[in-house]
Amino acid sequence: MTLWYDPREILIGGQWRRTPATLALDDPSTGEAFGEIARGQASDIDEAVAAAEAARHGVWGRTTAAERGRLMARIGQMILARADDLAQIEARDVGKPLKQAKGDALAMARYMEFYAGAADKIMGETIPYMDGYTVYTLREPHGVTGHIIPWNYPMQILGRSVGAALAMGNTCVVKPAEEACLTALAFARIAEEAGLPPGVLNVVPGLGEEAGAALSSHPGIHHVSFTGSVGVGMLIQAAAARNVVPVTLELGGKSPQLVFEDADLDKALPFLVNAGIQNAGQTCSASSRILVHRSLYAQVVDRMAARYRTLRVGPALADLDVGPLISARQKEIVEGMLALSSDLTVAARGQIVADAPKGGFYVAPTLLADVTPGHRLAQDEIFGPAQVVIPFDDEEDAVAIANGTEFGLVAGVWSENGGRQMRMAKRLRAGQVFLNNYGAGGGVELPFGGVGKSGHGREKGFEALYGFSVLKTVAAHHG
Ligand code: ADP
């Protein structure tokens, strides 16, 4: 892995500088530290917000939508040119198998391309009104947007939120996760090289309870976008409420895939497993519950189990099916959850390869069968490589189980019956429903977000541009 920048620096107002305090950079594949990053403080966030505020009144405020788009297209091209470097950095930093890390780099480039093309296609409306009036709407940027990014898909989540915010003309302050800030810093270097004016993008790594809390509660921020855990999401919404600032929250999930008796199982099987173990299950939209019609239940468990037994877990650079979890803490949490499975059937486990470094944060993927819908492992997010398989009797039962958690992020339906597909799409409580496919983490173009404790607001796709803008109504009386 070659870093072409100093990972201890933060970016404020176009200036790179170090912070007095630092945090260790850990390699999840070995458990060993391999460097340091900055530990930004509330005072750094103050400066970053001030720099972003100044930048929105400077050249960025006069940059046309088409020019913003052109600049973002350039950033996208530069990310593509460095995709292999970025993948290496991410693999080392978060333990993601190399191919999955490369996929994230390509997705970040796609977000830039998508929002580059969309920047000058957001339009207002003219509204018929009383005689003698012309009324129209303008879509304007919020101003300074705060972005609190998690460690599970650092490049994709930064790309989708900063991409949409910049396309709409906002200026951004980014607080990447303390476990995963290297690619956020790389992105900022690339954006700078592409010609993004100073202060438009500011990046302050640091701890959630320090830099993150300072950002979400800052009175100078006009919108906060957060992806992460439900508990922190609540804190962020409460902090933003004190300033009456809108938030977009993308939180957890317990997303089901429903396998009906008429499903094409050969097509479904790879999706059933991959959607659960991708990124070691550390995916908000992971499909952690598989609901199967009773007539197929034993067959689906057997076939999923056969796949589980072939899963290999090891260091990111070995590029196996599953990498380590992000941290010792996360491994402890997931193992603690899995310890609750003593009353369940372990249908199969994957295997940690023999030469995986002993200090790495590895957890063997676990498939759990004979699970009742109310079991804690069928209700709570595990955020590790584990799935539960639950039988159901009919559509009514399937919907009740699928909708029977406090989350509602994604759902998948496997059925060859068109009427059933349509009924399920309407009845499932989720922000996205996939019919005969499942897109955990994917879909740059597809609006994404949750209901219930999965959060609110929509990211990705064109829809995100509305979230990153404010509608102004202009009513002109001209007689
Ligand atoms: P996890 O618990 O899975 O590590 P978090 O939701 O804690 O996920 O982290 C997601 C992001 O939220 C990270 O960037 C983290 O630093 C940040 N964060 C954590 N705690 C807070 C907080 N109290 N206020 C603001 N941001 C926070």
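Predicted model: local features only at pLDDT ≥ 70, side-chain atom pairs only at ≥ 80, totals over all residues.
Strand pairing comes first. Strand β1 spans residues 9-12, and strand β2 spans residues 15-18. The two strands pair in the antiparallel sense, over 4 bridges. Within this pairing, isoleucine 12 stands opposite glutamine 15 of β2. The hairpin of β1 and β2 has 2 residues between the strands. In this hairpin, glycine 13 takes a positive phi near 55 degrees.

An open sheet is built from 3 strands. Their order is β5-β6-β22, and the pairing is antiparallel. Strands β5 (126-127) and β22 (469-477) form the edges, each pairing on one side only. Strand β6 covers residues 133-141 and is joined to β5 by 2 bridges. These two strands run antiparallel. Threonine 126 has tyrosine 136 in β6 as its bridge partner. Strands of a sheet pair through backbone hydrogen bonds, either parallel or antiparallel.

Aromatic rings provide another set of contacts. The structure holds 9 aromatic pairs. One of them joins phenylalanine 271 and tryptophan 414, with ring centres 5.3 Å apart. Their planes meet at 50 degrees, so the pair is tilted. Planes under 30 degrees apart would count as stacked, and planes over 60 as edge-to-face. Phenylalanine 271 belongs to helix α10 (residues 265-277), whereas tryptophan 414 belongs to strand β19 (residues 410-414). The pair therefore ties together parts that are 143 residues apart in sequence. Phenylalanine 271 has a relative accessible area of 29% and is partly exposed. Tryptophan 414 is buried, with a value of 0%.

A further aromatic pair is formed by phenylalanine 462 and tyrosine 466. Here the distance is 6.3 Å centre to centre, and the angle between the planes is 70 degrees. This pair is edge-to-face. Phenylalanine 462 counts as partly exposed, at 30% relative accessibility. Tyrosine 466 is also partly exposed, at 32%. Elsewhere, ring pairs link Tyr111, Phe114 and Tyr115 into a cluster.

Charged groups also meet rings. The charged end of arginine 92 sits over the ring of phenylalanine 34, at 4.2 Å from the ring centre. Arginine 189 places its charged end over the ring of tryptophan 16. In that contact the distance to the ring centre is 3.5 Å.

The largest pocket has a volume of about 1200 Å³. Its lining consists of 43 residues. The closest to the pocket centre are Trp151, Glu179, Ser229, Val232 and Arg329. Several elements each supply at least two lining residues. The strands in this group are β3 (22-27) and β10 (223-227). The helices are α8 (208-216), α9 (230-241) and α12 (328-338). By residue type, the pocket lining divides into 24 nonpolar, 11 polar and 8 charged residues.

Key:
Residues numbered from 1 in each chain as written. Heavy atoms only, no water. Phe/Tyr/Trp six-rings, centres within 6.5 Å; stacked < 30°, edge-to-face > 60°. Buried < 20%, exposed > 50% of the residue type's maximum accessible area, 1.4 Å probe, protein only. Lys NZ or Arg CZ within 6 Å of the ring centre and 35° of its normal. Pairing = 2+ DSSP bridges. 1 Å grid on protein atoms, 1.4 Å probe; cavity = no way out; pocket = protein on both sides within 12 Å on 5 of 7 lines; lining within 4 Å. Points joined across faces, edges and corners; volume = space filled by probe spheres on them. Nonpolar A, V, L, I, M, F, W, Y, C, P; charged D, E, K, R; others polar.
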